[in-house]
Amino acid sequence: MGQLIEPPIDEYVRGLTAVEDEHLRRVAGESRRLQLPLVDAQTGALLRLLARMTGARRILEIGTAIGYSALWMAAVLPDDGMLISMEIDATRAAGARRHFEEAGVAGRTSVIVGDASRLLHKMSGPFDVIFQDGDKLLYSPMLDRLVTMLRPGGVLVSDNVLWGGAVADPRNQGEDTLAIRALNDFVVSDARVDAVMLPVADGITLVRRR
């Protein structure tokens with residue numbers, strides 16, 4: 001994916017806003033070594049802020065990997081709060097559980113292994129924050145269900161919505177690109193929500209249920 005923001009500006013913003021603790025840095029390093037999906041630290045900081053701003057007690061995440069993004073959010077949940085994360089790969093899920101235990105948040109996190117598009121129909125809301133960062137082909141098919149699982153005033157965050165700039169290139173007709181474009185088109189016309197797209201990292205769409 002291409003660089004969307006000029007490097008000097010990107011470095012300046014990162015230096016001010018994306019503060020990882022030692023455990024987060026270790027998990028990020030492990031993710032890079034294993035070549036696993038990893039959200040930008042700025043995205044993690046935004047997720048933590050949204051969890052705080054909404055007073056989140058229940059959070060749903062689609063796409064755990066080894067737990068980096070979940071750790072940003074779980075750290076600010078109350079003791080009786082719960083973050084449920086869905087991961088299709090059992091090995092990655094085990095890594096995430098290990099990291100949650102090491103970070104002291106195992107009591108308010110749960111990782112479910114399986115296909116999120118099937119698991120969602122077994123889940124019940126409402127959730128205060130939902131973060132989707134799994135299979136891009138499932139973004140649009142799952143969107144309606146995710147919105148219904150939000151409480152009024154709850155926030156849905158979708159990552160990678162600029163897809164390295166590919167969504168703005170009409171010549172790009174890749175499957176993932178088309179799926180993300182469909183999501184972007186849908187949220188701006190859905191009367192149930194307010195939506196805004198932010199050029200943070202690889203693009204984030206915030207959707208607030210009315």
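Which loop holds Pro126? Pro126 sits in the loop between α6 (116-119) and β4 (127-132).

## Basis

This is a predicted model, in which local features need pLDDT of at least 70, side-chain atom pairs count only at pLDDT 80 or more, and totals for chains, interfaces and linings use all residues. Residues are numbered from 1 along each chain as its sequence is written, and side-chain values use heavy atoms, with hydrogens and water left out.

Helices (H or I, at least four residues) and strands (E, at least two) are DSSP runs, numbered from the N terminus. Buried means under 20% relative accessible area, exposed over 50%, and partly exposed in between (1.4 Å probe, protein chains only).

## Backbone geometry

Most residues other than glycine have a negative phi, and most peptide bonds are trans. Gly125 and Pro126 are joined by a cis peptide bond, with omega about 0°.

Gln35, in the loop between α2 and α3 (41-53), has a positive phi near 55°. Ala65 also has a positive phi, about 55°, and belongs to the loop between β1 (58-62) and α4 (68-74). Gln35 is exposed at 71% relative accessible area, whereas Ala65 is buried at 10%.

## Helix packing

The axes of α2 (residues 22-33) and α5 (residues 90-103) come within 11 Å and cross at roughly 165°. Axes are lines fitted to C-alpha atoms, for helices over the stretch in contact, and angles run from 0 to 180 degrees between N-to-C directions.

## Salt bridges

The whole structure has 12 salt bridges, each defined as a side-chain nitrogen of Lys or Arg within 4 Å of a carboxyl oxygen of Asp or Glu. One of them joins Asp128 and Arg151, with the closest N and O atoms 2.5 Å apart. Asp128 is in strand β4 and Arg151 in strand β5 (residues 150-159), so this pair ties together parts 23 residues apart in sequence. Asp128 is buried at 11%, while Arg151 is partly exposed at 23%.

Asp79 and Arg108 form another salt bridge (4.0 Å, N to O). Asp79 is exposed at 72% relative accessibility, and Arg108 is buried at 15%.

Within helix α5, Glu102 and Arg98 are 4 residues apart, about one helical turn, and their closest N and O atoms are 3.9 Å apart in a salt bridge. Glu30, Arg98 and Glu102 are linked in a salt-bridge network.
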